[in-house]
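Please read these notes with the sequence and the model side by side. Each numbered point takes up one part of the structure.

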Amino acid sequence: MDAVTTARPPMSTRPTLARRLNEWGLLLAVIGAVIGFLIGYFIGNLAIANSFNEDNSLGSDPGILLGFALSALGFLAGMGFLNYPIGRLLGAKRPSEEDNAYMHGEGGGLGRYFRMTTDHKVIGLQYLVMILAFLFIGGLGAMFIRTELLTPTPSVANAQSYLTLVGLHSTLMIFMASAAIIGPFGNYFVPIMIGTRNMAFPRLEALTFWLLPPAGLILLSTVFLGGFTTGWTGYAPLADQNMLGMDSYLMGFALIGLSIGLSGLNMIATILTKRAPGMPLSRMPIFVWSVLVTSFLGALASPALIAAVLMELFSRTYQTTFFVPAGGGSPYLWENLFWFFGHPEVYIFILPAFGLVMEMLPVFTRRPLWGYRVGVGGMVGVGLLSFVVWQHHLFVSGLAPSLRPFYMFSTEMISVPTGIIYLVSLGTLWRARTRFSVPMLFMCAFFFNFLIGGFTGVFLSDVPSDFTLHASYFVQAHFHYTIMGGEVFALMAAIVYYLPKMTGRTMDTKLLRFQFWAVFVTFNGTFVSLLAVGILGMPRRVISYAAYLQPLNISASVFALALGLSMALFLGILIWEVVIKQRVAAANPWESLGVEWQVPTPVPTFNFDRVPVSWSLPYDYDTGRPAADFGPAVPALSGA
Amino acid sequence: MSDVSPTGLTAVDDVEGGGHTLVFSSRLVMAANTSLQLSLLFAFLYLRANNFGAMWHPSGVGTPPQVLALVSLAFPLIALVALWAVRSAVSKSRESGALSGLLGLALLAAILTGAVRILLMYQFNWTLDSAGTYADIATLWYAVMLAEFIGVGLWLLSLTMGHVRGTDRLSTSHARAILEQWTYITGVSIAVYLLVQYVT
Amino acid sequence: MRSRIWYLVAGVVVAGVAVGFFVTQYLNPVPPQIAATTTSTTVQGRPVVDFSLTTVAAVGTAGQGNGQHTNWVGYLPTTYLKVPAGAMVHMTIDQQDGQTGLRNEYLGLVRGTVNNQMTVDGKVMSALDPSLAAHTFTIPDLGVSVPLEGVADNAPANAQIVVEFNFVVPDKPGLYRWQCFVPCAAGTLYGNGGPMQSLGYMAGELQVG
Amino acid sequence: MRNRSTAIRIVVIAWIVAAVGGDVALAFGPIPPGQASDLASSESLTILLLAEIAWPVFSAVLAALFFTIVVNRLAPSSEEVSGAALRGNTRVQTIWIVTTLVVVLSLAVYGTVALAVDQPGDGISTDSAALPMPGSASQPLEVQVIAQQWWFTYRYPSYGGVETAQLVLPVNQKIEFHVTSLDVIHSFWFYALGVKADAVPLNDNVVTATPTQTGTYRVQCSELCGLWHGNMSDDTARVVSSSDFTTWIQQQQTLDAPIMKYLPPYSHTYEPSPTVYGS
């Protein structure tokens with residue numbers, strides 16, 4: 001087929017120098033990071049003498065911050081991200097088709113996964129592995145916190161190390177949750193679902209992933225700088241008061257904010273301008289819709305975070321007083337800017353999960369998605385409302401009491417579009433002969449958990465009850481029900497569901513069913529206990545608590561440790577079945593009609609021999625008709 | 001199945017957003033940038049409204065030098081005109097000699113913009129640790145605008161180099177996108193100038 | 001095969017625990033704890049125990065608590081104290097630090113000690129001019145708070161002020177945090193960063209029993 | 001189809017039982033934060049009402065999920081292997097959206113009304129810093145909560161601005177808490193009284209509540225404020241009879257005699273000093 005040959009130029013036998021370097025991208029990146037840090041650290045310590053929080057044993061804030069910035073830059077340079085821009089600046093020739101194909105991982109083998117490539121599928125898998133690794137570290141943090149809270153007084157940790165653990169766990173989890181679904185599955189499947197060979201800006205896509213490792217590692221480096229005591233909200237002026245460990249938080253958050261914003265822009269551009277012929281917006285798979293809405297949230301909300309972080313960076317290096325009242329600033333300024341980003345952020349977590357669940361549901365109910373349009377409307381509604389609710393985080397802060405009724409109203413309004421998601425799911429399940437494969441089990445758990453998360457949210461949105469529940473463990477349990485019970489359960493469902501397509505292998509075993517029940521029970525055991533603890537008056541982020549709360553805390557801790565084990569079991573099964581035992585999966589084990597399941601496994605480098613022509617939503621399980629016309633080369637549809 | 005889908009559309013080899021994608025994305029960047037600018041505007045007005053400890057604008061802290069500030073706005077406008085000419089030239093596909101001249105002019109104006117703005121920030125003479133939040137937020141905002149000018153300037157440089165070295169002829173969509181970007185940040189910088197100069 | 005999965009799980013768990021142990025060991029550097037020197041005397045049937053601490057502006061190269069913050073102010077030899085339950089503690093503090101001044105003037109009051117009094121260079125006092133304070137020795141949960149007068153700026157080198165006071169610890173064993181309430185961490189916001197928030201410098205724990 | 005309709009009946013009945021039973025149980029169970037003050041009881045009333053409304057809806061959704069997910073296992077009949085291909089139903093959607101909208105709106109209206117009636121405060125007070133008279137039935141007793149890293153101290157402007165490290169309140173007397181901070185953001189949480197107010201430097205956060213039960217309670221900081229945040233609590237806050245309060249406040253005045261001359265004049269906020277960046 002000539003179409004094929006035009007899509008895949010022949011590789012040259014003689015690799016250029018640039019490629020040889022690129023093969024060693026990871027090593028060069030580490031070297032670049034180290035060099036960058038040393039340079040920045042040196043210059044920074046020379047440059048500004050009068051930073052506050054000076055500490056002659058570790059250096060000054062400017063030194064650390066500049067070191068972090070340059071190390072991130074050095075890392076990216078080592079990965080080879082500067083080659084193209086510098087080439088453009090010097091007016092060099094555009095990379096040849098051949099170079100593009102190489103960057104796309106053509107014939108790359110396993111090496112592709114350890115270097116910068118522009119193949120959205122490679123990037124998706126890189127995301128998956130990276131995020132699982134960081135989630136594991138964050139989970140360990142949670143285990144320590146629960147172990148510590150077995151006793152009402154300090155036991156395994158002291159006040160200082162406990163706060164560092166809390167900060168690390170929360171911030172790392174927030175970092176990873178913001179890309180946990182959109183990173184692996186958005187990058188891998190959105191281009192396939194909308195029928196394009198590539199993202200609009202493939203290098204940018206690679207960049208959004210490769211910003212993740214520096215951000216995570218910079219955050220973790222806080223352990224060696226004395227840690228930070230502010231938790232993930234980084235409230236000033238406490239943040240101004242913190243020592244060098246705070247810089248890790250700030251620089252890490254800056255990089256993550258950058259990553260969220262850039263991936264948002266890239267996704268929007270891809271979805272709105274590169275859809276296959278015959279695919280109007282009204283024919284996009286609902287997961288693509290959720291990614292689109294999420295991307296708008298990310299692109300428009302993360303700048304607010306960047307602004308806030310910039311102010312804090314100025315404060316720590318030039319002693320500006322944006323958040324210090326005695327210097328003319330206001331702590332409310334940080335709270336406003338941070339939550340203006342922070343509230344859309346939580347919908348950045350959950351919206352892709354909604355989309356993914358609604359995408360997978362028809363496959364297991366064998367019926368069309370019920371109420372596709374209203375479902376899309378619901379997600380758009382959530383997206384719009386999420387920008388006007390942020391001050392419900394500040395009900396007791398003494399800020400603008402007269403505005404509280406409005407924010408109470410807007411917050412409670414969100415339960416309407418969220419309820420629509422349930423309506424759509426119920427309609428799809430209605431009279432269905434549901435197939436209870438493991439992903440479906442996780443989806444049922446998702447509905448249960450998120451229902452609790454949503455209803456506990458009502459109590460927090462109502463001002464009088466929030467007076468009691470605000471900043472208590474009730475809040476903590478509430479957002480764990482939404483983020484972990486919602487997003488992470490959806491993530492596990494998606495991993496089981498999509499691994500056969502991403503790797504050609506499956507982890508669907510009997511043991512996995514046991515693991516599901518273990519994680520479901522222990523999760524609810526943990527956070528029901530914590531809801532109770534919160535209602536009975538235990539504030540968040542404390543190392544010591546009232547003695548009468550110990551029994552409930554013990555139950556929470558025991559369940560939590562069991563939860564940790566069952567999560568580890570999930571990773572264990574994943575590694576064992578997919579990496580070690582390499583259990584081969586069927587081409588389309590769930591008999592899905594989605595476009596992503598009609599392309600061969602492993603997915604060809606450029607996805608299709610010929611871009612498919614979409615002709616319907618991929619949910620026609622009554623007729624069993626595939627969603628798109630793949631031309632002569634379309635594989636026989638199994639099970640339809 | 002047939003080569004023609006029921007939608008009546010014939011299959012294509014790849015979906016090329018191409019120039020459309022570029023212009024569209026450049027507008028997306030403007031949208032995100034607007035969000036950043038609004039955050040800074042909020043901070044500016046919020047700090048001014050609160051004025052805790054009368055530390056918004058303590059006496060002895062001046063405003064940016066008027067003349068220099070105006071000059072720093074003149075160069076972007078020159079570049080703007082040049083870029084506008086570039087765009088019309090490209091769309092009319094004139095011979096590339098004039099185009100190179102125009103691009104050079106725009107680039108020169110852009111470089112001067114950056115230089116003058118650096119000089120301007122140097123002229124503030126604000127020692128931030130005691131100058132109050134007016135000086136703080138103004139400096140931060142000027143720094144952000146400087147960074148944006150530098151960013152778009154680098155983009156302009158790459159286009160110019162590509163055009164001059166003939167490796168990459170300037171496309172209408174490129175010309176249009178960069179014209180829009182430059183217009184946007186020029187407009188924003190004028191607004192920032194007015195705020196910092198007169199809302200003290 | 002099933003069993004091998006369990007091996008894998010066990011491996012992951014063990015690895016996690018090992019990493020965790022390392023991290024906690026790193027995160028949790030317990031500064032050395034010193035026990036009170038017991039004396040033969042008893043007051044109201046309570047054994048009297050002695051402590052003597054020194055506050056210095058710069059801990060010096062010795063370093064303590066987390067890391068080697070040689071330029072930080074701190075209590076020497078350590079801030080981890082141990083006393084027998086129900087004892088009467090006779091505390092002697094050699095105050096060698098300069099005057100910073102209290103943020104909350106109320107803490108210039110001597111509270112929770114015997115007769116709510118302290119002895120400064122032999123002079124009995126029940127309150128201190130807040131502006132003269134260099135540090136305080138405060139155990140909030142026991143209601144004990146003693147302001148420590150700072151050395152005047154024009155005082156000769158290695159001048160020091162000796163503050164003595166007695167207080168009774170509960171009969172029930174327990175762990176009580178104590179800290180300084182003078183914003184003495186120069187160079188940090190509100191003078192409450194660094195040493196004020198690092199165990200072993202201006203923050204510590206009093207173990208009873 | 002018979003199995004199906006019986007299944008529906010079973011589920012509906014189960015739901016009714018669960019909903020009614022749950023609501024009744026809620027109505028009789030103790031609802032935090034309790035009845036120790038008017039504010040607390042209004043909060044627990046709100047929580048109760050929300051729970052009473054939320055529980056039936058919650059269990060209804062659960063029942064619907066359970067039904068849709070499980071019933072076809074109960075009654076698999078051949079013609080419904082995949083059911084009829086429904087792609088949506090405007091009427092159902094409208095009904096659902098309208099219902100949720102109504103519920104939500106009623107909640108919001110109720111919350112607003114409750115807010116307007118109780119006037120629980122949490123706002124920046126506007127009145128001047130003049131010393132108020134001793135509290136009476138008509139006039140609230142002003143108590144200032146001064147948060148600092150890491151201790152709460154309290155000032156009683158009605159009694160010569162005497163400052164203490166322990167909180168003691170007269171029962172059945174309207175208290176006006178003025179919460180402020182000397183350094184970073186704290187949050188004053190008197191759980192039993194349902195009082196929670198962030199302490200922000202140079203800001204005066206006002207909450208009013210009337211304790212109705214004497215006893216010993218716990219106050220604690222509920223906003224992360226640094227190293228000792230977890231220990232910034234006090235289990236010995238007391239609500240006592242007005243006579244005991246008078247004797248106690250007199251004791252405090254004598255205890256504070258040595259320091260009174262150093263205390264700054266009472267004010268709703270205090271400039272954090274010494275200098276912003278430490279000495």
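1. In chain D, Leu169(D) has Val239(D), in strand 11, as its bridge partner. Strand 5 of chain D and strand 11 (residues 233-240) of chain D run parallel and are joined by three bridges. Two strands count as paired if DSSP finds at least two bridges between them. Strands (E, at least two residues) and helices (H or I, at least four residues) are DSSP runs, numbered from the N terminus.

2. The model is a predicted one: local features need pLDDT of at least 70, side-chain atom pairs count only at pLDDT 80 or more, and totals for chains, interfaces and linings use all residues. Residues are numbered from 1 along each chain as its sequence is written, while chains are lettered from A and ligands numbered from 1 in the order in which they are written.

3. Which strands make up the open sheet of chain D? Its five strands have the order 5-11-10-7-8, with mixed pairing. Strand 5 (168-170) and strand 8 of chain D stand at the edges with a single partner strand each, so one side of each has no neighbour in the sheet. From one strand to the next, the twist averages 25°. Helix 4 (residues 242-260) of chain D packs on the sheet and touches strand 5 and strand 11 of chain D. The direction of helix 4 makes about 140° with that of strand 5 of chain D. Such angles run from 0 to 180 degrees between N-to-C directions, and axes are lines fitted to C-alpha atoms, for helices over the stretch in contact.

4. Thr180(D) lies in strand 6 (residues 175-181) of chain D. Is Thr180(D) buried or exposed? Thr180(D) counts as buried because it has 26 C-beta neighbours inside 10 Å. The cut-off for buried is 20 or more other C-beta atoms within 10 Å of the residue's own, for exposed 12 or fewer, and partly exposed is in between; C-beta atoms are placed from the backbone. Leaving out residues up to four places away in sequence, Thr180(D) touches several residues, including Ile146(D), Ala199(D) and His268(D). Contact requires C-beta atoms, placed from the backbone, within 7 Å.

5. Chain D is divided into domain 1 (2-76 + 92-118) and domain 2 (141-260), with bounds from an automatic or database domain assignment. The centres of the two domains, taken over C-alpha atoms, are separated by 38 Å. Nine residues of domain 1 of chain D are in contact with ten residues of domain 2 of chain D.

6. Between chains, 72 residues of chain D are in contact with 75 residues of chain A. Helix 2 of chain D gives the most to the side of chain D that touches chain A, with 14 residues. The residues of that side divide into 40 nonpolar, 22 polar and ten charged. Here Ala, Val, Leu, Ile, Met, Phe, Trp, Tyr, Cys and Pro count as nonpolar, Asp, Glu, Lys and Arg as charged, and the others, Gly among them, as polar.

7. Helix 10 (residues 202-210) of chain A is mostly covered, with seven of its nine residues buried. Among them are Pro202(A), Leu207(A) and Trp210(A). The buried residues of helix 10 pack against several helices of chain A, including helix 4 (61-79) and helix 7 (120-148).

8. In chain C, strand 2 (residues 37-43) and strand 3 (residues 46-56) run antiparallel and are joined by four bridges. The two strands form a hairpin with two residues between them, and Gln44(C) in the turn has a positive phi of about 50°. Strand 3 of chain C also pairs in the parallel sense with strand 6 (residues 88-95) of chain C, over eight bridges.

Notes:
Contact = placed C-beta atoms within 7 Å.
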